[in-house]
Amino acid sequence: MGNGTSSKSVLSLIPPPWIHTIRPNIQRNRDGFGSKSQGFRNVTINTIIRRRKGNKQTDGAKWIEGYNSGKHVFEIVFPSKMRGKHSSIGVGTKDSELDHKSSTSLVGKAAVSWGIDLSTQKVFVNGRLTRRYPRKLFSKLPDVFFMYLDMDKGKIMFGSEEGYFGPAIQDEDMRRYTVYPMVSATEEGAVITMAYKGKGIVLSSAGILGKDGHYRAWKSIASF
């Protein structure tokens, strides 16, 4: 397993250009949470609310679509006042657990998962605490933020309309899996919305980088 630790590259606050060149996918815009624990209920296909009484247990939900390549952007609405003692976001595999009998940072602490706890600002990789995030330069992630998933590098980053917060996790071992965006909550009544914004496109003066590693002319952007 990679260690997901804070290397010089992980701490870089220079945003990758592709987060600003997103290609929307109308079909994927209809995606939502594909599986969830019994404590969550759907409000819409991509909005859930935690209905379990109390805050002693943890409930999770997993996105319907999995990713093993490419660069992807998600927008998340998770109000700070609803995050409680533990609230986490990141990715896991199809087998990652969706609930826990105690209050915990489910995404990242669960086996084969990578995530950050929005409440404690702790980053977990496959059950191991690796660092705190965001860096001291920033406060906790705002109510509305973006998650940038780079499966070509095994990297998870975050940002908002206010700016780029930098990478939270870089673990090459992530590339071995098909991963699914995940969220978890412990607060009764917590409402979480997630939306797929599109795929990040790598641009250069030569054109657009395709899956085969070769650049294509600008006019072919809709062909891949």
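This is a predicted model: local features need pLDDT of at least 70, side-chain atom pairs count only at pLDDT 80 or more; totals for chains, interfaces and linings use all residues.
Reader: Which strands each supply at least two residues to the lining of the second largest pocket?

Author: A pocket here is an open set of points on a 1 Å grid over the protein atoms alone, where a 1.4 Å probe fits, with protein on both sides within 12 Å along at least five of seven lines; lining residues have an atom within 4 Å of a point. The lining includes Phe 146, Tyr 148, Gly 163 and Tyr 164. Strands are DSSP runs of E, at least two residues long, and helices are runs of H or I, at least four, both numbered from the N terminus. The two strands you want are E12 (144-150) and E14 (163-170).

Reader: Moving on to charges, which residue forms a salt bridge with Asp 59?

Author: A salt bridge is a side-chain nitrogen of Lys or Arg within 4 Å of a carboxyl oxygen of Asp or Glu, and a search of the whole structure finds seven. Asp 59 has 0% relative accessibility, so it counts as buried (under 20% relative accessible area; exposed is over 50%, partly exposed in between, with a 1.4 Å probe and protein chains only). The closest N and O atoms are 2.7 Å apart, and the partner is Arg 52.

Reader: How many residues apart in sequence are the parts tied together by Glu 188 and Lys 53?

Author: Their side chains meet in a salt bridge at 3.6 Å, N to O. Glu 188 lies in the loop between strands E15 (180-185) and E16 (191-200), and Lys 53 in the loop between strands E4 (47-50) and E5 (58-63), so the parts tied together are 135 residues apart.

Reader: Is Lys 71 buried or exposed?

Author: Lys 71 forms a salt bridge with Asp 150, the closest N and O atoms being 3.0 Å apart. Lys 71 lies in strand E6 (residues 71-77) and Asp 150 in strand E12, so the pair ties together parts 79 residues apart in sequence. Asp 150 has a relative accessible area of 2%. Lys 71 has a value of 10%, which makes it buried.

Reader: Now the rings: what is the geometry of the aromatic pair of Phe 146 and Tyr 148?

Author: Rings of Phe, Tyr and Trp (its six-membered ring) pair if their centres lie within 6.5 Å; planes under 30 degrees apart are stacked, over 60 edge-to-face, the rest tilted. The whole structure has 11 aromatic pairs. For Phe 146 and Tyr 148, the centres are 6.3 Å apart with 25 degrees between the planes, so the pair is stacked.

Reader: And how are the rings of Tyr 148 and Tyr 164 arranged?

Author: Tyr 148 lies in strand E12 and Tyr 164 in strand E14, and both residues are buried. The ring centres are 6.4 Å apart and the planes at 45 degrees, so the pair is tilted.

Reader: Which ring does the charged end of Arg 83 sit over?

Author: A charge sits over a ring if NZ of Lys or CZ of Arg is within 6 Å of the ring centre and within 35 degrees of the ring normal. The charged end of Arg 83 is 5.7 Å from the centre of the ring, which belongs to Phe 78.

Reader: Where is the cis peptide bond that involves Pro 134?

Author: Pro 134 lies in the loop between strands E11 (128-132) and E12. With omega near -5 degrees, the cis bond runs from Tyr 133 to Pro 134.

Reader: What is phi of Gln 121?

Author: Gln 121 is in the loop between E9 and strand E10 (122-125), and is buried at 16% relative accessible area. Although Gln 121 is not a glycine, its phi is positive, about 65 degrees.

Note on methods:
Residues are numbered from 1 along each chain as its sequence is written. Side-chain values use heavy atoms; hydrogens and water are left out.
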